[in-house]
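Hello,

Here is the structure for your files. My notes follow below it.

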Amino acid sequence: FKWEKQIDSMVYSQIGKSAPGGVVGVIKDGKIVFTKAYGFANLDYKIENSVKTKFNLASVSKQLTAYACLLLAKDGKLDLDADIYTYLPELPDLGEKITTRQLLHHTSGVTNVEILQLFSGSMDKVWGLNDEIGMVQKYKKSNFKPNEEYLYSNTGYSIAAKIVEKISGKSFADFLSQNIFLPMNMKNSVLYDSYGKTIENKACGYAKNDSVYVQKNNITGYIIGSTNLYTTITDMMLWDQFLLNPANTYKELISKIWNPVDTLNNGDTIKYTYGFEN
C-alpha cells in the first residue's frame with residue numbers, strides 16, 4: 001500500500017510505539033485497501049492490537065441504533081413521528097409529544113440520565129438499560145419542549161433501544177445480530193449488555209495522566225443503545241462500505257442519513273441525523 005509509511009508516521013507521531021493504540025483502515029473506490037494495527041490493546045499483559053481486536057465504539061454505537069429504528073420504519077413497524085408513548089406507555093407523561101425521530105436527533109428534551117446519576121452519586125453503580133429506563137420513569141421533567149433545541153442526550157438512544165426491543169419482541173442484541181450483523185457478515189460485533197460479560201480480544205481503554213497511562217474501562221456500565229457496541233476494524237469497514245454503497249433496496253433509507261432535512265421549531269436545520277454529524 002503506497003501510503004503505508006505516511007500512515008505509520010502519522011500514527012506513531014501521536015501514540016509512539018509502546019502505548020495504547022488502535023487500528024487504521026482505508027477504503028478506496030468502495031474497496032478495503034489497507035488495514036493495520038498499532039500500539040497495545042492491554043498494557044498490563046503487553047497485548048498488541050490486531051485486526052481482530054474489538055474496540056468499544058462508544059457513541060459511534062448510536063449509528064447502529066438509529067439504523068435499527070430506520071429498518072423498523074422501513075418495514076412499517078415503527079412510525080418515527082408517532083408519540084413514543086405509543087410504544088412505551090410505561091414512560092412518564094411529560095405533557096408534550098416526543099417522537100423517536102427526536103430521540104435520535106437529540107431534540108427530544110429528554111434529560112441525560114448521566115447527569116442525574118452524577119447528582120445522585122450512583123455513577124459507579126452497576127447500571128444497565130433497565131436502570132436507565134427506571135430513572136427516566138422517576139424523573140418527570142424535560143430540559144425543553146421537543147424540537148425547541150438540540151442537546152446531546154445518551155438517554156434518548158437508550159429509550160430508542162428499548163423501543164426496538166418492544167416492537168420486535170427481541171433483545172436489542174438479538175435484533176442487531178439478526179438484522180444487521182448477520183446480513184452484513186459482521187461476525188465480530190457484540191454488545192456489552194450484561195454486567196461482567198466476557199468479550200474476547202477486547203481492547204482496554206486508557207487515559208494519560210501526566211506521563212502514565214491509567215486504565216479507564218467502565219465494566220459496571222452496560223447501557224446499550226447509546227454505547228457499548230464492540231467491534232473490529234474489519235466489521236467496521238463492512239458497515240462503512242454498506243453506508244457508502246448500499247444495495248438498491250436500502251438507498252432511500254441511507255439517503256435519509258446523509259441528507260438532513262429536520263428543522264427545529266425556529267427553522268434551524270440540525271446537522272446531527274441518525275447517529276451521524278453531517
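Is Cys-69 buried or exposed? Cys-69 has a relative accessible area of 0% and is therefore buried (under 20% relative accessible area; exposed is over 50%, partly exposed in between, with a 1.4 Å probe and protein chains only). Cys-204 is also buried, at 16% relative accessibility. The disulfide count is zero, a disulfide being a pair of cysteine sulfur atoms within 2.5 Å.

Please note that this is a predicted model, in which local features need pLDDT of at least 70 and side-chain atom pairs count only at pLDDT 80 or more, while totals for chains, interfaces and linings use all residues. Residues are numbered from 1 along each chain as its sequence is written, and side-chain values use heavy atoms, without hydrogens and water.

Helix α2 (residues 61–74) packs against helix α6 (residues 154–168), with axes 10 Å apart and an angle of about 40°. Helices here are DSSP runs (H or I, at least four residues), numbered from the N terminus. Axes are lines fitted to C-alpha atoms over the stretch in contact, and angles run from 0 to 180 degrees between N-to-C directions.

Thr-100, in helix α3 (residues 100–104), is buried at 0% relative accessible area. Beyond its neighbours within four places in sequence, Thr-100 contacts Cys-69, Leu-78, Leu-80, Ala-82, Ile-84 and Ile-163.

Regards

Note on methods: Helices (H or I, at least four residues) and strands (E, at least two) are DSSP runs, numbered from the N terminus. Contact means heavy atoms within 4.5 Å.
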